[in-house]
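Keep the sequence and the 3D view open while reading.

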Amino acid sequence: MNPGTPVKILKEIQQSLKKITISAIKEIKNIDNISELNNFKSKYLGKNSLVFFYFKKLNTIYSLERIKCGKILNSFKRDFQKIITKKKQKIKNNLLNSKNNEFFLDSSLPGRRVERGSVHPINLVISQIQDIFHYWGFLTYSGPELENKYYNFDSLNIPKNHPSRSINDTFWLDPNFVLRTQTSSVQIRILEKYSYPIKAIVPGKVYRRDYDNTHTPMFHQIEGLIVDKSISFSNLKWILENFIIKILQKNVKVRFRSSYFPFTCPSAEMDIQNKSGDWLEILGCGMVHPNVLKNFDIDCNVYSACAFGVGVERIAMLKYGISDIRCFFENDIRFLKQFV
Ligand code: DAH
């Protein structure tokens, strides 16, 4: 082999790589996407590149010079590769950051699993109760939670000195407005607005200053009101007895205990017997008091009215065997998931 040739080649390689580097640096500056970058890479390092050509030529070179040329070519290749990798990262970052690609969607990514929510147990029980009453021809009504004292107390024949009006029991917002303490207030709103006969249920939130394992400051009630010709206490009794069997889905022993509510006369409370034989109070009811009806143009010789008020949490606790009412409002996902 001609000993002059390798020296020539070494110089040739050095000069070529210099030239290539200059033009490559210029070129890479203008590249802004991955496919152009891939073309660029194969142009300078691929099978048709000058670098590849010199690598092949190494075999024909005298061994000492071959090592020198090999080192130069390899370090060129390494540096070039680094530049390409850096550029690739830059293009990717630009793609993500660029304003135009704010909503860039990588459709190859796996989808995010969307967990299905579930109806809150209280709403579940409310809708089950509604279903039962709707089947019997009742309609659902609603009223405001922020209530005038007239609807919450006065019109319901509740005396001015009744303890339920005290600030210890009721959230007063000002001298005239309260957070309603009972859905019975909506009885009056319905009587004012609708003509008879009426079969109404009113589910809703009520508020009282109470907090322990069977009381929360906010809870739910369902009020019932029937105004029709010759409605009697036995109609009320039948409805409530059958309601409780349907909602609890089992035959339970019930009893009606004489009680007192200012807006009903006679008044009663309904109790149900639990497994251990104890009686649990479940709702209040009665025939609507004449003092309540007198404000309305109802012919009491023809029409009569009865009403009832059920605590929804109480029913839900019995139905699902829950001992602490606060479970309903803590939003513990492990509790709520049981009702999916
Ligand atoms: N409003 C009563 C309460 O919150 C419940 C009640 C009792 C409602 C008797 C009625 C009724 O409609 O007739 O304790």
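Helices (H or I, at least four residues) and strands (E, at least two) are DSSP runs, numbered from the N terminus. The model described here is predicted.

## Overall layout

The chain holds 11 helices and nine strands. Its radius of gyration is 42 Å, well over the 20 Å that the globule rule gives for 340 residues, so the chain is more spread out than a compact globule. The C-alpha trace spans about 130 × 45 × 40 Å along its principal axes.

Two domains divide the chain: domain 1 covers 5-102 and domain 2 covers 121-339. Their centres, taken over C-alpha atoms, are separated by 83 Å.

## Burial, contacts and surface

Of the 340 residues in the chain, 38% are buried. Take the contacts in the chain with a separation of 6 or more: residues 24 or more positions apart account for 65% of them. The chain exposes about 20,700 Å². Carbon and sulfur atoms supply 53% of that area.

## The loop around Ser-107

Ser-107 lies in the loop between α4 (63-97) and α5 (121-135). Is Ser-107 buried or exposed? With a relative accessible area of 68%, Ser-107 is exposed, because the cut-off for that class is over 50%.

Ser-107 can also be set against Gly-277. The two are 170 residues apart in sequence. In space, they are 62 Å apart, C-alpha to C-alpha.

## The ligand site

Which residues come nearest to the ligand? There are 15 residues around the ligand, and Gln-182, Ser-184, Arg-208, Gln-221 and Glu-223 come nearest.

Several polar atoms of the protein lie by ligand oxygens. An N or O atom in the side chain of Gln-221 is 2.8 Å from an oxygen atom of the ligand. For Gln-187, a polar side-chain atom lies 3.1 Å from a ligand oxygen. Phe-308 takes part through its backbone: a polar atom there is 3.3 Å from an oxygen atom of the ligand. On its own, the ligand has 350 Å² of accessible area, and the protein covers 90% of it.

## Gln-182 in detail

Gln-182 is one of the residues that come nearest to the ligand. Where does Gln-182 sit in the chain? It is found in the loop between β3 (177-179) and α7 (185-193). Gln-182 has a relative accessible area of 10%. That is under 20%, so Gln-182 counts as buried.

The side chain of Gln-182 reaches the backbone oxygen of Asn-152 at 3.1 Å. Leaving out residues up to four places away in sequence, Gln-182 touches Asn-152, Leu-156, Ile-158, Val-206, Arg-208, Gln-221 and Phe-263.

## Glu-269 on strand β7

Glu-269 is found in strand β7. Its relative accessible area is 12%, and Glu-269 is buried. A polar contact of 3.0 Å joins its side chain to that of Ser-259.

What else does Glu-269 touch? Not counting residues up to four places away in sequence, its contacts are Arg-255, Phe-256, Arg-257, Ser-259, Phe-261, Glu-281, Leu-283 and Gly-284.

## Backbone exceptions

Most residues other than glycine have a negative phi, and most peptide bonds are trans. The following cases depart from that pattern.

Two cis peptide bonds come up here. One runs from Tyr-196 to Pro-197, with omega near 0°. Pro-197 has its place in the loop between α7 and β4 (198-207). The other joins Cys-265 and Pro-266, with omega about 0°. Pro-266 is in strand β7 (residues 264-273).

Positive phi values come next. Asn-157 has a phi near 65°, although this residue is not a glycine. Asn-157 lies in the loop between α6 (149-152) and β3. At 25% relative accessibility, Asn-157 counts as partly exposed. Ser-230, also not a glycine, has a positive phi of about 40°. The loop between β5 (218-229) and α8 (233-248) contains Ser-230. Ser-230 is exposed, with a relative accessible area of 62%.

Conventions. Residues numbered from 1 in each chain as written. Predicted model: local features only at pLDDT ≥ 70, side-chain atom pairs only at ≥ 80, totals over all residues. Heavy atoms only, no water. Buried < 20%, exposed > 50% of the residue type's maximum accessible area, 1.4 Å probe, protein only. Polar contact = N/O pair within 3.5 Å; in protein donor to acceptor, adjacent residues only side chain to side chain. Contact = heavy atoms within 4.5 Å. Domains from an automatic or database assignment. Near = heavy atom within 4 Å. Areas by Shrake-Rupley, 256 points an atom, 1.4 Å probe, with all protein chains shown as cover. Rg over C-alpha atoms; globule rule 2.2 N^0.38 Å.
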